[in-house]
Amino acid sequence: MILIGFMGCGKTTIAHELGKKLNKQVIDLDAVIPVIANKTIPEIFAKEGEAAFRKYEFQALSETLSKDVIIATGGGVVTFDKSYELLQAQKEMPVFFLNAPFENLYERIQADDNRPLGNQDIETVRNLYQSRLKKYQALSDKEISTAQPIENTAEAIISFSK
Ligand code: S3P
């Protein structure tokens with residue numbers, strides 16, 4: 001299965017919870033990208049820019065997609081056409097859109113400084129969220145709230161997948 005959604009929605013946390021419950025491998029694209037690029041995510045944004053980051057992200061996604069694993073994507077994967085089309089074209093894995101009220105997401109995003117696009121003022125980040133919302137909805141088989149305990153979110157995903 002593939003987890004999509006905005007920064008702070010809990011993709012990585014939920015992916016690991018699902019991995020434990022379903023005994024499946026978890027691949028976090030944000031962990032694969034620094035290996036491909038040989039730089040941290042903030043370094044990629046600072047030294048090579050967002051466009052270069054999206055290409056690394058696309059490479060990580062394409063190398064991962066066909067596997068029977070749980071994939072946690074980065075929040076901006078839907079903004080790069082090639083990645084979007086790849087997600088749209090694949091039919092083997094269900095896609096879950098994890099979502100919560102924007103204020104909750106923003107609060108979680110501020111808890112770490114590892115997200116170059118998240119460390120901006122609230123209105124800028126809100127616009128980013130709004131501009132991506134339709135894409136998350138269009139690409140997903142099911143929207144799942146993460147404004148509930150992790151356990152409940154994971155169970156909602158598992159019961160939809162049965
Ligand atoms: C990004 C989200 C991040 C990471 C990068 C860019 C975005 O992933 O890929 O900082 O454009 O929304 P998370 O959604 O896991 O924070």
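**Figure 1. The largest nonpolar core of this predicted model has 39 residues.** Look for Leu3, Ile4, Leu29, Ile71, Phe96, Leu98 and Leu105, the residues with the most contacts inside this core. Helix H4 (residues 50-64) gives the core its largest share, five residues. Which residues does Leu98 touch, leaving aside its neighbours within four places in sequence? Leu98 is in contact with Leu3, Gly5, Cys9, Gly10, Lys11, Ile14, Ile144 and Thr146.

**Figure 2. The whole protein has eight helices and five strands.** Starting at the N terminus, you can follow the elements in the order β-α-β-α-α-α-β-α-β-α-α-β-α. Taken along the principal axes, the C-alpha atoms fill a box of roughly 45 × 35 × 25 Å. The radius of gyration is 15 Å, which agrees with the value near 15 Å that a compact globule of 162 residues would have. Of these 162 residues, 34% count as buried. Now think about contacts between residues at least 6 apart in sequence: 74% of them join residues at least 24 apart.

**Figure 3. Ten residues make up the surroundings of the ligand: Met7, Lys11, Asp30, Ile41, Gly74, Gly75, Gly76, Arg115, Pro116 and Leu117.** What classes of residue form this shell? There are four nonpolar, three polar and three charged residues. Asp30, a member of the shell, is in helix H2 (residues 29-37). Is Asp30 buried, partly exposed or exposed? Asp30 counts as partly exposed because it has 19 C-beta neighbours inside 10 Å, while a buried residue needs 20 or more.

**Figure 4. A UniProt "binding site" annotation, from an unreviewed entry, covers Asp30, Arg54, Gly75 and Arg132.** Which residues does Arg132 contact, apart from its neighbours within four places in sequence? Its partners are Phe6, Val78 and Thr79.

**Figure 5. Another "binding site" annotation in the unreviewed UniProt entry lists Gly8, Cys9, Gly10, Lys11, Thr12, Thr13 and Arg115.** Gly10 is found in the loop between strand E1 (2-4) and helix H1 (11-22), whereas Thr13 is found in helix H1 itself. Gly10 is buried because 22 other C-beta atoms lie within 10 Å. Thr13, with 17 other C-beta atoms within 10 Å, is partly exposed. Setting aside neighbours within four places in sequence, Gly10 is in contact with Leu98 and Thr146. You have met Leu98 already, in the view of the nonpolar core.

**Figure 6. Ser83 sits in helix H5 (residues 81-89).** Is Ser83 buried or exposed? Ser83 counts as buried because 23 C-beta neighbours lie inside 10 Å. Not counting residues up to four places away in sequence, Ser83 touches Glu57, Phe58, Leu61 and Val77. For a sense of scale, compare Ser83 with Ile36: the two are 47 residues apart along the chain, and their C-alpha atoms are separated by 16 Å.

**Figure 7. Asn23 and Asn38 each have a positive phi.** Some background first: most residues other than glycine have a negative phi. Phi of Asn23 is near 55°, and phi of Asn38 is about 60°. Asn23 counts as exposed because it has 7 C-beta neighbours inside 10 Å. Asn38 has 8 such neighbours, so Asn38 counts as exposed too.

Technical notes
Residues numbered from 1 in each chain as written. Predicted model: local features only at pLDDT ≥ 70, side-chain atom pairs only at ≥ 80, totals over all residues. Near = placed C-beta within 6 Å. Nonpolar A, V, L, I, M, F, W, Y, C, P; charged D, E, K, R; others polar. UniProt positions renumbered as here; feature names shortened; annotations may be inferred. Helix = DSSP H or I, 4+ residues; strand = E, 2+ residues; numbered from the N terminus. Buried ≥ 20, exposed ≤ 12 C-beta atoms within 10 Å, placed from the backbone. Contact = placed C-beta atoms within 7 Å. Core = buried A, V, L, I, M, F, W, Y, C linked by C-beta atoms within 7 Å. Rg over C-alpha atoms; globule rule 2.2 N^0.38 Å.
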